[in-house]
Every structure is written in C-alpha cells, then in structure tokens.
Amino acid sequence: MKHKTELSLPVELIFDVLEPLQVGDVVIPAQLDITKVLMTITGPGGKPRQVDITNTLTEEQIMFFEDEIVDSFFEDNEEP
C-alpha cells in the first residue's frame, strides 16, 4: 500500500547575490542564486548531519525560495 502526502521541513538556504549586469543600454538588476538547500537529518548514530537537497527541487520551488528571501529582506529593511 502507498499513500502520498506533503510534509513541511525546515531547510537552510545558501545563496549568492549576483551583481547588476550592464548589457548595452540595459541594466539587469542584482539577482539571487541559491547554491544549496540543506536539510538537517539525524543519522543512525543520533548525530545530526546536513544533506544537500537542491537537486531534488524544481526550478519553480527554487524561484519561490528566492522570492521569499527578497521579500524578507525588504520587510526587514522597511522604514517605520
């Protein structure tokens, strides 16, 4: 028997900020590039370890995380 469901787990996002790029008269704004998505699991000996799950995610999921990081940055830096 099988049953599919969804599960939410905390992950750590590692990313680079790419500098703005000038292409002719057009400026491409700074962008985020997620390089790793790490999930902490407990090994058989009880020791926690981080597993890179980046390759298991779709481009849509990675873009969602990038948008979340940008939104969080602007929320944290809003003027009162």
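Biologist: Let's start with Val70. Which helix does Val70 lie in?
Modeller: Keep in mind that we're looking at a predicted model. In this model, Val70 belongs to a helix, and that helix is H1.

Biologist: How far apart in space are Val70 and Glu6, C-alpha to C-alpha?
Modeller: Along the sequence, 64 residues separate Val70 from Glu6. In space, C-alpha to C-alpha, the gap between Val70 and Glu6 is 25 Å.

Biologist: Back to the helix, then. Where does Glu68 lie, and why is Glu68 called partly exposed?
Modeller: Glu68 sits in helix H1, which covers residues 59-76. Glu68 gets the partly exposed label because its relative accessible area is 42%.

Biologist: Which residues gather with Glu68 in a patch on the surface?
Modeller: The patch is one of negative charge. Alongside Glu68, its members are Asp67, Asp71, Glu75 and Asp76.

Biologist: What about nonpolar residues: which elements give two or more residues to the nonpolar patch?
Modeller: That surface patch is formed by Leu21, Val23, Val26 and Ile28, with about 330 Å² of accessible area together. Val26, for one, is found in strand E3. The elements giving two or more residues to the patch are E2 and strand E3 (26-28).

Biologist: Which residue has its backbone oxygen 2.7 Å from a polar atom of the Gln22 side chain?
Modeller: Here a side chain meets a backbone atom: a polar atom of the Gln22 side chain lies 2.7 Å from a backbone oxygen. The residue that owns this oxygen is Gly24.

Biologist: Now Thr54: why is Thr54 counted as buried?
Modeller: Thr54 has its place in the loop between strand E5 (48-52) and H1. Buried means under 20% relative accessible area. Thr54 is buried because its value is 11%.

Biologist: Which backbone nitrogen does the Thr54 side chain reach?
Modeller: The side chain of Thr54 comes to 2.7 Å from this backbone atom. The nitrogen is that of Val37.

Biologist: Last one: how far are the C-alpha atoms of Lys47 and Val17 separated?
Modeller: Lys47 is in the loop between strand E4 (31-42) and E5, and Lys47 counts as exposed at 66% relative accessibility. Lys47 and Val17 are 30 residues apart along the chain, and their C-alpha atoms are separated by 32 Å.

Definitions and conventions: Residues numbered from 1 in each chain as written. Predicted model: local features only at pLDDT ≥ 70, side-chain atom pairs only at ≥ 80, totals over all residues. Heavy atoms only, no water. Polar contact = N/O pair within 3.5 Å; in protein donor to acceptor, adjacent residues only side chain to side chain. Patch = residues over 30% accessible without salt bridge, like charges linked within 9 Å, V, L, I, M, F, W, Y side chains within 5 Å. Areas by Shrake-Rupley, 256 points an atom, 1.4 Å probe, with all protein chains shown as cover. Salt bridge = Lys/Arg side-chain N within 4 Å of Asp/Glu carboxyl O. Lys, Arg positive; Asp, Glu negative; His and termini not counted. Charge placed at Lys NZ, Arg CZ, Asp CG, Glu CD. Helix = DSSP H or I, 4+ residues; strand = E, 2+ residues; numbered from the N terminus. Buried < 20%, exposed > 50% of the residue type's maximum accessible area, 1.4 Å probe, protein only.
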